[in-house]
Amino acid sequence: MAKIFVLAEHRQGIIRDITFEMLTKARELAEKTNAELCAVILGKGIAEHAKALAEYAKTVITIDDPKLENFNSEAYKKILTKLIAEHKPSLVMLGHTSYGVELAPRLATALNTPLATDCIDIAFEGDTLAVTRQMYGGKVNVKATLRKAETYMVTVRQATFTPKKPEPPANGQIITVPSPLTEEITEKRFLQYVLPPPGGVDITAAEKLVGIGRGIKDQANMPLMEDLAKTLGAVLACSRPIVDKGWLPNDRQVGSSGKTVKPKLYLALGISGAFQHVLGMKSSDLIIAVNKDPKAPIFSFADYGVVEDLFKIVPSLKNKINEVKAQKT
Ligand SMILES: Cc1cc2nc3c(=O)[nH]c(=O)nc-3n(C[C@H](O)[C@H](O)[C@H](O)COP(=O)(O)OP(=O)(O)OC[C@H]3O[C@@H](n4cnc5c(N)ncnc54)[C@H](O)[C@@H]3O)c2cc1C
């Protein structure tokens with residue numbers, strides 16, 4: 001039976017969301033092509049991770065080795081080259097993350113396998129693989145068919161597929177493979193994780209975001225926006241002009257040259273909806289936009305839209321939230 005490999009990504013004891021996003025898409029592909037879905041995880045002390053993955057995949061291949069405590073593309077390449085050559089999966093999926101971007105080209109070169117990067121859709125068409133990628137900052141979607149091969153490799157854009165646990169869970173078989181690493185990897189060494197500065201915020205992890213754009217007009221209005229975000233239990237994110245003006249640091253920028261986010265709620269205030277911005281937030285579960293221009297493109301992506309001056313909406317919204325909170329206590 002053909003296999004589809006998904007390389008699980010984990011960092012500091014946590015499996016990253018991209019893993020479950022890929023497993024969900026891979027399950028759909030495996031069902032369509034009658035392939036076996038196989039999660040592959042490399043690391044140190046990863047038994048619990050393997051159990052979590054077994055809820056999604058038919059097979060979980062684990063390689064547990066102290067030398068794999070931290071990601072190392074050379075070590076991963078050595079192990080995966082061997083595994084892929086043995087199992088000959090029809091498809092190998094990696095996240096289009098800092099790990100995947102470093103590893104995938106090395107792996108594809110070692111295996112002489114066609115590789116498509118940053119994919120937003122993947123489909124088998126007969127025995128060839130078709131992928132969809134975005135070009136020109138998201139203006140154009142390009143569908144490409146890869147040259148015929150036994151194994152295809154793709155990196156998958158984050159927050160593209162919505163993770164969904166199979167019902168009932170897959171109850172997959174966990175297979176522990178001895179580590180083929182015989183010596184320390186010396187080509188590259190892990191030094192340390194550099195965490196965001198204290199007080200730094202990871203907008204990709206926030207459940208609720210208040211996205212602010214040029215429509216807020218003046219830096220003097222920032223406290224009003226911060227206040228609303230706080231009342232809502234949300235984090236402030238923004239469009240590029242806000243970063244250009246220095247009102248928020250660049251790790252708060254959403255879009256093609258910023259971060260891709262997928263919160264439960266994205267409240268867009270005074271953001272026009274340029275495609276470079278939309279690219280980074282269109283997969284949010286619920287999008288509410290406030291803009292005084294009824295023709296603003298953001299309304300094409302919003303679940304709810306308010307055509308109004310945001311300076312009228314923000315104070316009344318804040319009051320209403322406080323009112324509801326007071327009723328609950
Ligand atoms: C290579 C490249 C990469 C880029 N990357 C990114 C990126 O990653 N992220 C990003 O965001 N942009 C990016 N941009 C910039 C992008 O093209 C837009 O210029 C930008 O997103 C516009 O930001 P905005 O919506 O805040 O401002 P504007 O487009 O100026 O929109 C402001 C909106 O506020 C509304 N408004 C004004 N006053 C009020 C009010 N009182 N009440 C309600 N609404 C009001 C207006 O109607 C308008 O729709 C990139 C551009 C390039 C060329």
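Domain bounds here come from an automatic or database domain assignment. On that basis, the protein chain splits into domain 1 (3-176) and domain 2 (203-328), and the C-alpha centres of the two lie 33 Å apart. The contact (heavy atoms within 4.5 Å) takes nine residues from domain 1 and seven residues from domain 2. A word on the source: this is a predicted model, where local features need pLDDT of at least 70 and side-chain atom pairs count only at pLDDT 80 or more, while totals for chains, interfaces and linings use all residues. Residues are numbered from 1 along each chain as its sequence is written, and side-chain values use heavy atoms, with hydrogens and water left out.

How much area do domain 1 and domain 2 bury between them? The figure is about 630 Å², with 62% of it on carbon and sulfur atoms; buried area is the accessible area (1.4 Å probe) that two parts lose on being put together, summed over both. On the side of domain 1 that touches domain 2, the residues come out as two nonpolar, five polar and two charged. For that tally, Ala, Val, Leu, Ile, Met, Phe, Trp, Tyr, Cys and Pro count as nonpolar, Asp, Glu, Lys and Arg as charged, and the others, Gly among them, as polar. One residue pair is in polar contact between the domains, both at pLDDT 80 or more. A polar contact is a pair of N or O atoms within 3.5 Å; within protein, one must be able to donate a hydrogen and the other to accept it, and residues adjacent in sequence count only if both atoms are side-chain atoms.

The structure as a whole holds 19 salt bridges. One of them pairs Asp121 with Lys25, the closest N and O atoms being 3.1 Å apart. This pair ties together distant parts of the chain, with Asp121 in strand β7 (residues 115-125) and Lys25 in helix α1 (residues 17-33), 96 residues apart. Helices (H or I, at least four residues) and strands (E, at least two) are DSSP runs, numbered from the N terminus. Lys25 is buried at 6% relative accessibility, whereas Asp121 is partly exposed at 32%; buried means under 20% relative accessible area, exposed over 50%, and partly exposed in between (1.4 Å probe, protein chains only).

Lys44 and Glu69 also meet in a salt bridge, at 3.8 Å, N to O. Both sit in loops, Lys44 between β4 (36-43) and α2 (47-54), and Glu69 between β5 (59-64) and α3 (73-87). Lys44 is partly exposed at 43%, and Glu69 is partly exposed at 48%.

Over in domain 2 (203-328), Lys318 pairs with Asp227, the closest N and O atoms being 2.7 Å apart. Lys318 is partly exposed, with a relative accessible area of 22%, and Asp227 is partly exposed at 33%.

Helix α5 also has a buried set: Met222, Met225, Leu228, Ala229, Thr231 and Leu232. These buried residues pack against β12 (208-212), β13 (235-238), β14 (265-269) and α8. Just after α5, Gly233 takes a positive phi of about 70°.

Key:
Salt bridge = Lys/Arg side-chain N within 4 Å of Asp/Glu carboxyl O.
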